[in-house]
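Here is a friendly briefing to read alongside the structure. Take a moment to look at the fold before going through the points.

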Amino acid sequence: MDFYPVLENKRVLLRPLQLEDAETLLPVALQPALWKVGIVNLQQKADLVNYIQGTLTLRAQRTEMPFVIIDKKEGRAAGSTRFMNIAIAHKRAEIGATWIDTALHGSGLNKAMKFAMLQHAFEVMDLNRVELKTDELNTQSRNAIASIGAKQEGIFRHHMIVNGGRLRNTVYFSILKEEWPEIKERVFAKYNF
């Protein structure tokens with residue numbers, strides 16, 4: 001399995017994340033609104049460098065595939081996302097750790113990015129299952145995940161301790177391989193990605 005793929009459609013380019021991307025991503029990463037209900041809280045360049053180094057280590061262990069999100073419409077880096085918790089033997093992975101410039105929320109960029117990732121997951125990686133999860137309090141993320149056709153499976157109560165010591169309930173969603181053709185047509189066909 002290629003852990004350095006480049007995914008692309010008309011709207012978005014997802015290329016492998018590198019440590020050198022810290023400078024380019026810094027203006028986006030330091031937007032406090034992105035971390036209000038997140039697991040991490042990036043407040044300075046050193047936090048972002050550590051964050052990138054952590055995911056690069058996991059890529060080397062073949063459990064993550066991190067990307068820089070390039071918004072082709074805006075012509076700039078817009079954030080980061082990744083395949084994570086990759087279980088090759090079980091043919092499943094999670095799409096997560098997604099953060100996008102707040103100025104681009106609602107612009108269609110997230111949907112274009114998810115389309116590229118889901119298409120790669122089911123049509124190239126040949127996965128049986130893609131998982132997505134978010135904080136129960138993150139209504140925006142929950143709505144976005146539901147809007148791409150993912151099915152809510154349940155809520156893991158007191159699943160994590162996040163910033164400030166708050167106990168996070170985590171909402172789990174998934175899309176299965178056999179659901180992908182219908183979702184691809186119903187959700188994504190109209191966007192002409």
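Predicted model: local features only at pLDDT ≥ 70, side-chain atom pairs only at ≥ 80, totals over all residues.

**Overall packing**
- Along the principal axes, the C-alpha atoms fill a box of roughly 40 × 40 × 35 Å.
- Of the 193 residues in the chain, 47% are buried.
- Among contacts with a separation of 6 or more, 61% join residues 24 or more positions apart.

**Surface and charge**
- The chain has an accessible surface of about 9500 Å², and carbon and sulfur atoms account for 51% of that area.
- There are 26 positive and 21 negative charges, and their mean positions lie 3 Å apart.

**Strand β4 and its partners**
- Strand β4 covers residues 76-87 and is mostly covered, with 10 of its 12 residues buried.
- On one hand, β4 pairs with β3 (residues 65-71) in the antiparallel sense over 7 bridges; here Met65 has Phe83 of β4 as its bridge partner.
- β4 also pairs with β5 (residues 92-100), again antiparallel, over 6 bridges, and Arg82 stands opposite Gly96 in β5.

**The two hairpins**
- The β3 and β4 hairpin has 4 residues between the strands, and Gly75 takes a positive phi near 70 degrees.
- The β4 and β5 hairpin has 4 residues between the strands, and Lys91 takes a positive phi near 55 degrees.

Note on methods:
Residues numbered from 1 in each chain as written. Heavy atoms only, no water. Buried < 20%, exposed > 50% of the residue type's maximum accessible area, 1.4 Å probe, protein only. Contact = heavy atoms within 4.5 Å. Areas by Shrake-Rupley, 256 points an atom, 1.4 Å probe, with all protein chains shown as cover. Lys, Arg positive; Asp, Glu negative; His and termini not counted. Charge placed at Lys NZ, Arg CZ, Asp CG, Glu CD. Pairing = 2+ DSSP bridges.
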